Amino acid sequence: MLTLTPEEQAAVELSLRVSVWATLTSLPPGLFVAMLLSRGKFWGKSILNGIVFLPLVLPPVVTGYLLLVLFGRRGLLGAFLADNLGIVFAFRWTGAALACAVMGFPLLVRAIKLSIDSIDRGLEDAAGTLGANSAWVFVTVTLPLILPGIIAGTILSFARAMGEFGATITFVSNIPGETQTLPSAIYTFTQVPGGDLAAIRLTVIAIAVSMSALLASEAIGYVVGRRIGVEG
Amino acid sequence: MIEVDVQHRLGSFDLKAQFVSEGRVTALFGRSGSGKTSLVSIIGGLIHPNRARISLDGEVIVDTEHNVFVPMHRRRVGYVFQEGRLFPHLTVRQNLLYGWWFTPAAQRFGQFAQIIALLGIGHLLDRRPGSLSGGEKQRVAIGRALLAAPRLLLMDEPLASLDEARKAEILPYLERLYDETKVPIIYVSHSVPEVARLATTLVVMTEGRVVAIGPTADVMARLDVIPFSNPVEAGAVLEAEILKHDERFGLTALSLCEGQLWVPRLNGHVPGTKVRVHIRASDVMLSTRAPEGLSALNVLRGVVTELGPRCGPILDLRLDCGGQAILARLTQRSVESLKLAPGTPVYAVIKTVGFDRQTLGAASRQANGADTTAIPI
């Protein structure tokens, strides 16, 4: 009962690939936006804040539909990207990754922003008086100190991506081998007669992956926290 | 030499300070809220002042009129913060080498080993800041600032967050700092004993203004400065020389004001060593006749030179004792019953127990003789 059919295996692999890509590509912009929201003073900051956190409160179907409008074949951005850069999102696994990235983005930004907010800025001043310019201060002081927040945000965003269903299925549909992620596959199996066993197998895998992610985040957080003296 | 002329508004607080100092250890002295910390933050480059001109050994680092503002990382002004501000994610060694790493090789001075030895932090190198005591943290912070090869070292109340025992642990290191590194220091403090012990030049501040500046002994002997400092601790700072030790009673005789002063034994110092003595005004009694049958050991002859303003029932007086000034605090009633006025000859009675270990410090920064040493307190 524990061996997976090729179709199930494809769904698991696809989900992992989509989640890893979604998390890694959203990390640099997430860090940038978190810095901007925590430290920046500019007009329209609350609007940016609203846009970033919107996917957290909108129904995922709405987010997925907006993505379809924007990044579909004939969407505003989708047409431009396809014609000029050859990047196509619609009904591809890349689209699933985009949907997961957008859905996980608020969680990522929120975790990083909280840790930036809690930094003692006096430490950055101290680094400045010791001869470090702002870029070096960021790399040698700010970044190491917000590392726990970055890790927590990354894990959260990864877990969110593994579980993303509504926006993905709305945006890129449910194509086995291309856009059928783990949750979509489970949903599909529950809709067909005799699919219960497959659904349960995939559910066990989903629990295992999510649990490992949580444990990993605990472990990394502990090690990093000890390194920067938070817990000792 | 440092020249400072600053005008800055912080909310409702108006800082307008100006001073020039060639002192080796310049103390910015005043009560909390007098603007000392804002002033050093401006010198260090942490605050962008409304209007200022600051130069260091002739090099202008801030001149708002000509749009000069050297950013803090290029200022080469070391900063020791009240709370240390060590990087928690780095070891002590990495903290110490942080500024060293950013300093071009040609500008570096002092050996790592030498500064470690000067501050006594060699045994801490592999630890993390989280496990250090307050005193150890401050010593590491001082070492870190020095290893960045500063032209000026700013110290913002480095002892304020420490208890008395930790203060006593650090003070001897601070005393040696200038002599061994030759980096001029601006030392912010509201503590009279600290300033009396460390500073060569005193800048007294109140409400964002400089009200007095000069050599420490001169400024401390001014009656008009007392209200701006800490009246309980106010008193004269004098230079004395060790005459002899009395083994039987565990005392040391100092020559001072053409007389002698007995203090608890100063261990490890040969006669001839110069020391600095801080005599609190409240530890001095006056008598118009030579006192007899008194338990106090120290009686100095002098002449009243100035009466300070009356403050409640008390007032402060300045005496001239063989060319050096001593302050005394008396009640208005005593002043009147003894008919004290400028010119009255008096005997100043100073209680031996009035000297705690804090008020005795080495005078090596002021003495020119080569044979002076610091006193471990």
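Author: Two strands are taken to pair if DSSP finds at least two bridges between them; strands (E, at least two residues) and helices (H or I, at least four residues) are DSSP runs, numbered from the N terminus. The model is predicted, so local features need pLDDT of at least 70 and side-chain atom pairs count only at pLDDT 80 or more, whereas totals for chains, interfaces and linings use all residues. Residues are numbered from 1 along each chain as its sequence is written, and chains are lettered from A and ligands numbered from 1 in the order in which they are written.

In strand 20 of chain B, B:Ile350 is the bridge partner of B:Val284. Four bridges join strand 16 of chain B to strand 20 (residues 345–350) of chain B, and the two run antiparallel. Both belong to an open, antiparallel sheet of five strands in chain B, ordered 16-20-17-18-19. Its edges are strand 16 (284–287) and strand 19 (324–331) of chain B, each pairing on one side only.

In chain B, helix 3 (residues 112–119) and helix 4 (residues 134–147) pack at about 150°, their axes 10 Å apart; axes are lines fitted to C-alpha atoms, for helices over the stretch in contact, and angles run from 0 to 180 degrees between N-to-C directions. Helix 3 and helix 4 of chain B are therefore roughly antiparallel, the term for angles over 145 degrees. Residues in contact (C-beta atoms, placed from the backbone, within 7 Å) include B:Phe112 and B:Ile115 in helix 3 and B:Arg139 and B:Ile142 in helix 4 of chain B.

Terms used. Parallel < 35°, antiparallel > 145°, perpendicular 65-115°, else oblique. Contact = placed C-beta atoms within 7 Å.
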